Structures are given as C-alpha cells and as structure tokens.
Amino acid sequence: VCFLGTDESAIIAIIAHRSIAQRQQIKMVYKRDFGKDLDEDLKSELSGQFEKVVTGLLKTAPVYDAYELRNAIKGAGTDEACLLEILASRSNAEIKALTAAYSQEYGKVLEEDICGDTSGMFKRVLVSLLTAGRDECTTVDEALAKKDAKEMYDAGEARWGTDEDKFLTILCIRNRSHLLRVFQEYLRIAGRDIEDSIKREMSGNLEEIFLGLGTTDSILIRVMVSRCEIDMLDIKTEFLKMYGKTLHSFIKGDTSGHYGKILLELCGPEK
C-alpha cells in the first residue's frame, strides 16, 4: 500500500478495484505499518476532482453520505440537490446509518442541521425522508395506486395551484414498485407523465424536490463513489435508455486526466 510519491496510476489500480471492506482493511494496515492516516496522506498528495474521488472511496458508505450532507449544509448556500439526491435514494437502513454517522462524525443532529438550513416544503420533504419510514416491500396495491394517481392529478393538473402535500405523502412513503404503477396510472389519467406535470405545476426548489435534478461534477463524483458497488449496472442501463449514449462514453467525453481514468474504472467497460 505504500504508493505515495505520487504514482496516480497505482492509486487508481488499487483503490478503484477494491471493495469498500477491502479499502477499510488497506487503511488499517497503512496506519499500523506507517503510523499515519492514508486519507490524510492522499489528500496532501493529490488535488482537484481526482482527490475527491479517491478520498471519497476510502470512506465507508454512511460516513461518505454524512460527509456530503455536511458539506451541502455548511457551504456557502445550501446544496439542495445534494440533500435531496442522497436522502431520496437511500434505503431506510442506509438513512439510519448515515444519520448515526453524521452525529458521530460532527457531534450534531442531522435533522436539526437540515431544519436550520432549509425551509417550507423543501424542509418538510427532507424531514419526511429522514424518518426512514418508506414502505420497502415490493407489493403493488392496484386500487391504492389508482387512488394515489387520481389524488396527484387532482392536486396538480386538475386545479389552480398545487397541493404539494399529496405529492409529498405519496412520493416519500410508498414503495418503489407501487410508485411505478402510480406513474403508469397517472399517465393514463393526465395524458402526460408525472415529470411533465411537475415541470408545469411547480418551479424552483419544488420542481427539483420532486424531480431530483442536477448534473455537476460533484453529483457525478457522488454517484460514482457511492453506487459503484451497489447498482452501477442498473445506472448504466438507465443512462443509455435516457440519453442514447453509454455512461462510459459520457464520462470519457466529459472528464480528463486521472479524474477521468478513475471514474472510467469505477464505471466498468463500455458494454
């Protein structure tokens, strides 16, 4: 593990091809053998986006999520996209783990920090997600799906103004399989898909809340680091469907240097 000096290719070859558990073992061995923290040594040797990817990969998943949330809250202005992206995509167990990691790492309560830095419906959505109360079964209740779709339609397209509470309750609590059925039914009722309706009915933070938008380097890094061992194949499949190009080709065309190389290793081959 002694690759400081600095051989970026060796760092990529090792870090990008180890599991989270193996990286933690490497950190432990490094500290035992050299009496220093690998994270800190790498941070002092590397820079830019490459450093962010490498040091992110050395954290456990809950600690990395907590780190990203802390930066989103304490930076100049609040990074709403980061807060939403993490809290809306994690399982109940993952939310409980990152909440505990946040308290342990920063001596603060995540919900209190979020409430102190956000407001209105955006705050309410994040607090709802923080309760880790989403139904996680795969059951689809056909009658309820039709009812949910109708309520979302009535709360948005069918009236002046939008009743965001209906959207909050359904999108934050129902299980994923059920939501897919709700969206199919919504398309049948409204004649347009749910994303189009949200764009028509909402704006600013509210639109971002319910769509989860964002395309910056920080988001690319966060997704690649946090999902590379979990659902990268699914992400690659969906990326191709949505954009007509492979995630591999997108990264290759949009990044460069060691930063691009390590992202490509995490992404995996073109096919």
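Reader: Is Y64 buried or exposed?
Author: In this predicted model, residues are numbered from 1 along each chain as its sequence is written, local features need pLDDT of at least 70, side-chain atom pairs count only at pLDDT 80 or more, and totals for chains, interfaces and linings use all residues. Side-chain values use heavy atoms, with hydrogens and water left out. Under 20% relative accessible area is buried, over 50% is exposed, and in between is partly exposed (1.4 Å probe, protein chains only). Y64 has a relative accessibility of 3%, so Y64 counts as buried.

Reader: Which residues does Y64 touch, not counting those up to four places away in sequence?
Author: Y64 is found in helix 5; helices (H or I, at least four residues) and strands (E, at least two) are DSSP runs, numbered from the N terminus. Contact means heavy atoms within 4.5 Å. On that basis, Y64 touches G56, K59, I221, R222, V225 and S226.

Reader: What distance separates the C-alpha atoms of Y64 and A101?
Author: Along the chain, the two residues are 37 residues apart. Their C-alpha atoms are separated by 8.9 Å.

Reader: What is the volume of the second largest pocket?
Author: On a 1 Å grid over the protein atoms alone, a cavity is a set of points where a 1.4 Å probe fits but cannot get out, while a pocket is an open set with protein on both sides within 12 Å along at least five of seven lines; lining residues have an atom within 4 Å of a point. Grid points are joined across faces, edges and corners, and the volume is the space filled by probe spheres set on them. For the second largest pocket, the volume is about 330 Å³.

Reader: Which lining residues are closest to the centre of the second largest pocket?
Author: The lining of the second largest pocket holds 18 residues. Closest to the centre are K52, Y67, E68, N71 and S218.

Reader: How many residues of that lining are charged?
Author: Asp, Glu, Lys and Arg count as charged; Ala, Val, Leu, Ile, Met, Phe, Trp, Tyr, Cys and Pro as nonpolar; the others, Gly among them, as polar. The lining has five nonpolar and five polar residues. The charged residues number eight.

Reader: What is the phi of A132?
Author: Most residues other than glycine have a negative phi. A132 lies in the loop between helix 9 (120–130) and helix 10 (142–155). A132 is not a glycine, yet its phi is positive, at about 55°.
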